[in-house]
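Reader: Could you take me through a few features of a model, giving the general idea before the particular case?

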Amino acid sequence: MTSSVAIATPHRTATAVGRRVMEEGGSAVDGALAAAAVLTVVYPHNCALGGDLMALVRDADGVTRAVNATGPAAGLVDVDGLRARHGGVLPVAGIDTVTVPGLVAGWGELYALGGVLPWASLLADAERLAREGFVPTAKLLTAIDEAPAPVLVPDGDGVLRQAALAETFAILRAEGARALYEGPLAARFAAGLEALGSAIRVGDLASFRPSVEEPLRVGFRGVDVLSAGPNCSGVLLLQALAALEAAALDDPLGADAGALAAIFAAGWRQREASLADPRFAPQDLDAWLGQEAISRVATERVLGVEGTRPRPTGDTIALVTRDGEGRAVSLIQSLYWSFGSQLIEPSTGIILQNRGTSFSLDPDHPNVLAPGKRPAHTLMPVMVERDGTLAGVLGTMGGKAQPQIHTQILLRLLAGATPQEAISAPRFTIADTTLTLESDLNPAAATSLHATGTPVIELTPHDEELGHAHAIWGTTSGTDPRADGLPGAG
């Protein structure tokens, strides 16, 4: 590289690995992949090889593509049997929530879009850390302690080693990303899933391919904001920004925070009612981003959503990279809830996601469970362009609150804050019928939110319940003090 690189992730080791890879001549894709692989080892409560991935990838010519590597339900899934077993709502963990893992296939797709260094070299640090072990962060130890049943346990010396996972990485390094979907490793993995009671078979793995799509975009205050389309939740960020423009709020992060929360709540309600896999339930983008929809969201002042479920801490990682050639990646990978399904396939050491819990069992709902269908998804990578040039790369965890977190960070960035200032600033979210805010939130914003009459939960500053966000603005990076990261601007 002849000019600077930038990276931000939620874990110091992953940041250091990704930065080193780019400084040694790797692209933004290489840096993102190396860091993402490390995170599946050192942040396994939030992401693992058994999870999903979405990303935006920008090449040196300024072309941005959206990679959707979210896995579907098994072809043999027995929907009627699940209704009989669980009633109207799927459980939040267990084998019935496991969907086809898309993450590793997503890595392969990213590599094809911009990898420069040898594939095997990008997974080397992850294999070494899985084999030799590492000392878990306090956040990971808390997740381990709070898990309903042991998923991973450090050895007596306090080091967490994952021997089976290390062997899986060795095979992936030697044979490529498709090894998890075709061949001996895939057959062993599928057999292990079946033994756990899953309906997933080797044919489901072999037939899975990520999709590469055009990103959605919307203009906002002199920039274009890009994200991925449904079944991704990126459309909710774009809707919120367009509605914010239409509402012409003077101080959305201050005295008008209650009105901004109402915009977020309107989007949440539409998500709960409509978001689904467009291959099964066509998604009319005008219903999300058309003038009538934006006018409705901008003027509604109803907060709260009935009937949705809270989620435990932990679920997702976001990372962002940019290299000296103008290439960039916003990557989100996850298990959904902390340790996902709470299950690990023992022969491969792969922790399994619980994305299936997002499906509805209501036969009339667009997001109803069906064989081969992807669930409505929370993941949403983000990039920002100004006059066709890359202005920023953003990512956050935070479940269904991701659009809300992104909106607040982007407002601060456009007002002149540095990435670190924008991410470190206190924030708020609305979920179900409750507002959550950090106690050091702008007093005018706190007053506005309390005035809505919606129940409010106050958390201490920099509580990870408000997400782990990361950003690159220009060539400067910022990482969330709510996580365990370290910004890495080259």
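Author: What follows concerns a helix, the cysteines and one histidine in a predicted model.

Reader: What span should helix α11 have, and how far apart are its end C-alpha atoms?

Author: As a general idea, an α-helix has 3.6 residues a turn, so residues three or four places apart point the same way. Here α11 covers residues 234–247, and at 1.5 Å a residue its 14 residues should span 20 Å, which agrees with the 20 Å between its end C-alpha atoms. Just after α11, Ala 248 takes a positive phi of about 55°.

Reader: How many of the residues of α11 are buried?

Author: Of its 14 residues, 11 are buried, so α11 is largely enclosed by the rest of the structure; among them are Gly 234, Gln 239 and Leu 244.

Reader: How many disulfides does a search of the whole structure find?

Author: In general, a disulfide is a covalent bond between the sulfur atoms of two cysteines. In this model the search finds zero disulfides. The cysteine sulfur closest to that of Cys 47 belongs to Cys 232 and is 17 Å away, which is too far for a bond, given that the cut-off for a disulfide is 2.5 Å. Cys 47 counts as buried because its relative accessibility is 0%, and Cys 232, at 0% relative accessibility, also counts as buried.

Reader: Where does His 365 lie, and which residues is His 365 in contact with, leaving aside its neighbours within four places in sequence?

Author: His 365 is in the loop between β10 (350–352) and β11 (382–386). With those neighbours left aside, His 365 is in contact with Glu 272, Ala 273 and Ser 360. Although His 365 and Glu 272 are 93 residues apart along the chain, their C-alpha atoms are separated by 9.6 Å.

How values were computed. Residues numbered from 1 in each chain as written. Predicted model: local features only at pLDDT ≥ 70, side-chain atom pairs only at ≥ 80, totals over all residues. Heavy atoms only, no water. Helix = DSSP H or I, 4+ residues; strand = E, 2+ residues; numbered from the N terminus. Expected span 1.5 Å × (residues − 1). Buried < 20%, exposed > 50% of the residue type's maximum accessible area, 1.4 Å probe, protein only. Contact = heavy atoms within 4.5 Å.
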